[in-house]
Amino acid sequence: MHVVELRFECFDNTTISAAEKAINGLLEAYRANGQVLGREFAVAFNDAEFRVRLLMPEKSSLSKRFNSPWVDTALNELTDAKLLAPREKYIGQDINSEVSSQDTPSWQLLYTSYVHMCSPLRNGDTLQPIPLYQIPATANGDHKRMIRWQTEWQACDELQMAAATKAEFAALEELTSHQSDLFRRGWNLRGRVEYLTKIPTYYYLYRVGGESLAAEKQRPCPKCGSKEWLLDEPLLDMFHFRCETCRIVSNISWDHL
(Lines give C-alpha, C1' and ligand atoms only; values in the text may rest on other atoms or scores of the structure.)
Protein backbone atom coordinates (compact mmCIF):
# COMPACT_ATOMS: atom_id res chain seq x y z
CA MET A 1 0.00 0.00 0.00
CA HIS A 2 1.04 3.58 -0.49
CA VAL A 3 0.98 6.89 1.35
CA VAL A 4 0.04 10.15 -0.37
CA GLU A 5 -0.43 13.68 0.90
CA LEU A 6 -3.29 15.79 -0.47
CA ARG A 7 -3.06 19.56 -0.32
CA PHE A 8 -6.12 21.79 -0.63
CA GLU A 9 -5.43 25.46 -1.35
CA CYS A 10 -7.94 28.29 -0.90
CA PHE A 11 -8.55 30.49 -3.93
CA ASP A 12 -10.82 32.93 -2.07
CA ASN A 13 -12.00 33.70 1.44
CA THR A 14 -13.64 30.70 3.07
CA THR A 15 -14.38 29.34 6.54
CA ILE A 16 -12.94 26.40 8.41
CA SER A 17 -16.38 24.81 8.67
CA ALA A 18 -17.04 25.06 4.91
CA ALA A 19 -13.61 23.66 4.06
CA GLU A 20 -13.97 20.91 6.65
CA LYS A 21 -17.32 19.80 5.23
CA ALA A 22 -16.04 19.73 1.65
CA ILE A 23 -12.76 17.97 2.41
CA ASN A 24 -14.30 15.38 4.71
CA GLY A 25 -17.03 14.76 2.14
CA LEU A 26 -14.39 13.98 -0.46
CA LEU A 27 -12.43 11.72 1.89
CA GLU A 28 -15.58 9.79 2.82
CA ALA A 29 -16.43 9.37 -0.87
CA TYR A 30 -12.92 8.06 -1.57
CA ARG A 31 -13.25 5.66 1.38
CA ALA A 32 -16.65 4.39 0.24
CA ASN A 33 -15.13 3.53 -3.13
CA GLY A 34 -12.09 1.79 -1.66
CA GLN A 35 -9.68 4.43 -2.99
CA VAL A 36 -8.40 5.35 0.47
CA LEU A 37 -8.19 3.09 3.51
CA GLY A 38 -8.85 3.61 7.20
CA ARG A 39 -11.58 5.35 9.18
CA GLU A 40 -10.01 8.52 10.57
CA PHE A 41 -8.19 11.23 8.65
CA ALA A 42 -6.22 14.02 10.32
CA VAL A 43 -6.68 17.19 8.28
CA ALA A 44 -4.20 19.94 9.18
CA PHE A 45 -4.52 23.66 8.36
CA ASN A 46 -1.47 25.90 7.95
CA ASP A 47 -0.58 28.89 5.74
CA ALA A 48 -3.98 28.97 4.00
CA GLU A 49 -3.63 25.31 3.01
CA PHE A 50 -5.23 22.10 4.24
CA ARG A 51 -3.20 18.90 4.22
CA VAL A 52 -4.08 15.26 4.85
CA ARG A 53 -2.05 12.05 4.53
CA LEU A 54 -3.85 8.99 3.22
CA LEU A 55 -3.18 5.28 2.86
CA MET A 56 -4.11 3.91 -0.57
CA PRO A 57 -4.18 0.37 -2.03
CA GLU A 58 -2.10 1.39 -5.06
CA LYS A 59 0.02 4.32 -6.17
CA SER A 60 -2.65 5.21 -8.75
CA SER A 61 -5.69 4.78 -6.48
CA LEU A 62 -6.80 8.41 -6.81
CA SER A 63 -6.75 8.36 -10.60
CA LYS A 64 -9.90 9.89 -12.11
CA ARG A 65 -10.71 6.67 -13.97
CA PHE A 66 -11.48 4.99 -10.64
CA ASN A 67 -13.76 7.72 -9.30
CA SER A 68 -17.33 6.93 -8.33
CA PRO A 69 -20.13 9.41 -9.09
CA TRP A 70 -20.01 10.43 -5.41
CA VAL A 71 -16.28 11.20 -5.66
CA ASP A 72 -16.82 13.33 -8.77
CA THR A 73 -19.62 15.24 -7.02
CA ALA A 74 -17.45 15.76 -3.92
CA LEU A 75 -14.61 17.10 -6.07
CA ASN A 76 -16.96 19.61 -7.68
CA GLU A 77 -18.22 20.71 -4.26
CA LEU A 78 -14.72 21.83 -3.30
CA THR A 79 -15.28 24.87 -5.52
CA ASP A 80 -18.29 25.94 -3.42
CA ALA A 81 -15.99 25.90 -0.38
CA LYS A 82 -13.48 28.10 -2.26
CA LEU A 83 -10.94 25.29 -2.50
CA LEU A 84 -8.88 24.24 -5.49
CA ALA A 85 -8.76 20.61 -6.60
CA PRO A 86 -6.30 18.73 -4.37
CA ARG A 87 -2.65 18.49 -5.31
CA GLU A 88 -1.08 15.08 -4.70
CA LYS A 89 2.34 14.51 -3.19
CA TYR A 90 3.44 10.90 -3.21
CA ILE A 91 5.17 9.98 0.05
CA GLY A 92 6.09 6.35 -0.54
CA GLN A 93 5.17 2.73 0.05
CA ASP A 94 3.88 1.80 3.48
CA ILE A 95 6.17 -0.85 4.98
CA ASN A 96 3.60 -2.03 7.54
CA SER A 97 0.80 -3.03 5.17
CA GLU A 98 0.06 -5.62 2.50
CA VAL A 99 0.74 -5.36 -1.21
CA SER A 100 -2.39 -5.23 -3.36
CA SER A 101 -3.07 -8.00 -5.87
CA GLN A 102 -2.04 -7.21 -9.44
CA ASP A 103 -3.22 -10.44 -11.07
CA THR A 104 -6.67 -11.70 -12.03
CA PRO A 105 -7.49 -14.47 -9.50
CA SER A 106 -8.89 -17.87 -10.36
CA TRP A 107 -11.12 -17.41 -7.29
CA GLN A 108 -11.59 -14.79 -4.61
CA LEU A 109 -13.10 -14.44 -1.15
CA LEU A 110 -14.40 -11.99 1.43
CA TYR A 111 -11.95 -12.09 4.32
CA THR A 112 -10.98 -9.53 6.93
CA SER A 113 -10.03 -9.17 10.60
CA TYR A 114 -9.84 -6.37 13.13
CA VAL A 115 -6.14 -5.79 12.37
CA HIS A 116 -6.60 -5.33 8.61
CA MET A 117 -7.18 -1.94 6.99
CA CYS A 118 -7.01 -3.26 3.43
CA SER A 119 -9.79 -4.32 1.08
CA PRO A 120 -11.93 -7.24 2.36
CA LEU A 121 -11.95 -8.76 -1.14
CA ARG A 122 -8.97 -11.11 -1.45
CA ASN A 123 -7.25 -12.95 -4.28
CA GLY A 124 -7.93 -16.63 -3.57
CA ASP A 125 -4.60 -17.66 -5.07
CA THR A 126 -2.43 -15.38 -2.93
CA LEU A 127 -4.71 -13.84 -0.25
CA GLN A 128 -3.56 -10.41 -1.40
CA PRO A 129 -6.23 -7.69 -1.14
CA ILE A 130 -7.99 -6.62 -4.34
CA PRO A 131 -8.74 -2.86 -4.47
CA LEU A 132 -12.52 -2.48 -4.52
CA TYR A 133 -12.47 0.22 -7.21
CA GLN A 134 -10.98 -2.37 -9.55
CA ILE A 135 -14.34 -4.15 -9.71
CA PRO A 136 -17.73 -2.72 -10.77
CA ALA A 137 -19.71 -0.87 -8.10
CA THR A 138 -21.49 -3.32 -5.81
CA ALA A 139 -24.36 -0.98 -4.85
CA ASN A 140 -25.47 2.58 -5.57
CA GLY A 141 -22.39 3.55 -7.55
CA ASP A 142 -19.66 2.51 -5.13
CA HIS A 143 -18.72 0.00 -2.40
CA LYS A 144 -20.12 1.65 0.72
CA ARG A 145 -22.09 -1.47 1.69
CA MET A 146 -18.95 -3.60 1.46
CA ILE A 147 -17.00 -1.14 3.62
CA ARG A 148 -19.84 -1.05 6.16
CA TRP A 149 -19.95 -4.86 6.30
CA GLN A 150 -16.18 -4.94 6.83
CA THR A 151 -16.42 -2.39 9.66
CA GLU A 152 -19.08 -4.47 11.40
CA TRP A 153 -17.11 -7.71 10.98
CA GLN A 154 -14.01 -6.07 12.43
CA ALA A 155 -15.96 -4.67 15.37
CA CYS A 156 -17.26 -8.16 16.22
CA ASP A 157 -13.78 -9.61 15.79
CA GLU A 158 -12.26 -7.08 18.17
CA LEU A 159 -14.92 -7.83 20.79
CA GLN A 160 -14.33 -11.58 20.65
CA MET A 161 -10.55 -11.17 20.70
CA ALA A 162 -10.72 -8.94 23.78
CA ALA A 163 -12.88 -11.58 25.56
CA ALA A 164 -13.60 -9.11 28.34
CA THR A 165 -17.39 -8.76 28.33
CA LYS A 166 -20.55 -10.75 27.66
CA ALA A 167 -20.71 -8.97 24.30
CA GLU A 168 -18.03 -11.45 23.18
CA PHE A 169 -20.64 -14.20 22.79
CA ALA A 170 -22.98 -12.11 20.68
CA ALA A 171 -20.03 -11.07 18.51
CA LEU A 172 -18.95 -14.69 18.07
CA GLU A 173 -22.45 -15.66 16.99
CA GLU A 174 -22.28 -13.04 14.23
CA LEU A 175 -18.86 -14.25 13.06
CA THR A 176 -19.47 -18.00 13.19
CA SER A 177 -23.17 -18.57 12.43
CA HIS A 178 -24.50 -18.93 8.90
CA GLN A 179 -27.81 -17.61 10.24
CA SER A 180 -26.45 -14.31 11.54
CA ASP A 181 -27.21 -10.92 10.02
CA LEU A 182 -23.50 -10.39 9.41
CA PHE A 183 -23.25 -13.61 7.43
CA ARG A 184 -26.41 -12.88 5.46
CA ARG A 185 -25.24 -9.44 4.36
CA GLY A 186 -21.71 -10.59 3.60
CA TRP A 187 -22.81 -13.70 1.73
CA ASN A 188 -25.17 -11.63 -0.40
CA LEU A 189 -22.38 -9.16 -1.16
CA ARG A 190 -20.21 -12.12 -2.13
CA GLY A 191 -22.86 -13.19 -4.62
CA ARG A 192 -23.06 -9.69 -6.03
CA VAL A 193 -19.28 -9.59 -6.52
CA GLU A 194 -19.30 -12.97 -8.23
CA TYR A 195 -22.08 -11.83 -10.56
CA LEU A 196 -20.22 -8.63 -11.48
CA THR A 197 -16.75 -10.11 -11.89
CA LYS A 198 -17.65 -13.60 -13.22
CA ILE A 199 -15.03 -14.99 -10.81
CA PRO A 200 -15.99 -17.63 -8.19
CA THR A 201 -16.27 -15.70 -4.93
CA TYR A 202 -16.44 -17.22 -1.44
CA TYR A 203 -17.32 -16.08 2.05
CA TYR A 204 -14.99 -16.84 4.97
CA LEU A 205 -16.92 -18.27 7.93
CA TYR A 206 -14.86 -17.93 11.12
CA ARG A 207 -14.66 -20.95 13.42
CA VAL A 208 -13.61 -21.39 17.06
CA GLY A 209 -14.77 -23.79 19.76
CA GLY A 210 -15.81 -27.35 18.96
CA GLU A 211 -15.24 -30.57 20.85
CA SER A 212 -12.09 -32.03 19.28
CA LEU A 213 -9.98 -32.14 16.16
CA ALA A 214 -11.67 -35.36 15.08
CA ALA A 215 -15.12 -33.83 15.52
CA GLU A 216 -14.06 -30.75 13.60
CA LYS A 217 -13.01 -32.83 10.61
CA GLN A 218 -16.49 -34.35 10.54
CA ARG A 219 -18.19 -30.96 10.66
CA PRO A 220 -20.53 -30.50 7.68
CA CYS A 221 -21.07 -27.35 5.67
CA PRO A 222 -23.49 -25.38 7.87
CA LYS A 223 -25.52 -24.16 4.92
CA CYS A 224 -26.14 -27.34 2.90
CA GLY A 225 -25.01 -30.10 5.27
CA SER A 226 -22.42 -31.60 2.92
CA LYS A 227 -19.42 -33.35 4.48
CA GLU A 228 -17.51 -33.27 1.22
CA TRP A 229 -16.10 -29.83 1.87
CA LEU A 230 -13.10 -30.95 3.96
CA LEU A 231 -9.94 -30.41 1.88
CA ASP A 232 -6.96 -32.75 1.70
CA GLU A 233 -4.65 -29.76 2.22
CA PRO A 234 -5.64 -26.37 3.61
CA LEU A 235 -5.87 -23.52 1.14
CA LEU A 236 -3.33 -20.78 1.84
CA ASP A 237 -2.48 -22.62 5.09
CA MET A 238 -5.71 -21.23 6.56
CA PHE A 239 -8.87 -22.67 5.04
CA HIS A 240 -9.51 -26.35 5.71
CA PHE A 241 -13.02 -26.40 4.23
CA ARG A 242 -14.48 -25.18 0.96
CA CYS A 243 -18.04 -25.76 -0.21
CA GLU A 244 -18.28 -25.21 -3.94
CA THR A 245 -22.09 -25.17 -3.86
CA CYS A 246 -22.52 -22.67 -1.03
CA ARG A 247 -19.39 -20.65 -1.80
CA ILE A 248 -18.14 -20.85 1.80
CA VAL A 249 -14.61 -21.40 3.10
CA SER A 250 -13.85 -22.05 6.76
CA ASN A 251 -11.18 -23.29 9.11
CA ILE A 252 -10.84 -26.13 11.56
CA SER A 253 -11.45 -24.51 14.94
CA TRP A 254 -8.37 -22.59 16.00
CA ASP A 255 -8.85 -24.17 19.45
CA HIS A 256 -7.77 -27.56 18.04
CA LEU A 257 -4.86 -26.62 15.77
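**The interface between two domains**

About 1,200 Å² is buried between domain 1 and domain 2, with carbon and sulfur atoms giving 59% of that area; buried area here is the accessible area (1.4 Å probe) that two parts lose on being put together, summed over both. Of the area that domain 1 buries against domain 2, Ala-32, Asn-33 and Arg-39 supply 33%, more than any other three residues. This is a predicted model, in which local features need pLDDT of at least 70 and side-chain atom pairs count only at pLDDT 80 or more, whereas totals for chains, interfaces and linings use all residues. Residues are numbered from 1 along each chain as its sequence is written, and side-chain values use heavy atoms, with hydrogens and water left out.

Domain 1 spans 2–93 and domain 2 spans 108–250, with bounds that come from an automatic or database domain assignment. Their C-alpha centres lie 31 Å apart, and the contact (heavy atoms within 4.5 Å) takes 16 residues from domain 1 and 14 residues from domain 2.

Across this interface the rule finds 0 salt bridges, a salt bridge being a side-chain nitrogen of Lys or Arg within 4 Å of a carboxyl oxygen of Asp or Glu. On the side of domain 1 that touches domain 2, helix H1 (16–32) and helix H2 (69–80) each supply at least two residues, helices being DSSP runs of H or I with at least four residues, numbered from the N terminus. The residues of that side divide into 7 nonpolar, 6 polar and 3 charged, where Ala, Val, Leu, Ile, Met, Phe, Trp, Tyr, Cys and Pro count as nonpolar, Asp, Glu, Lys and Arg as charged, and the others, Gly among them, as polar.
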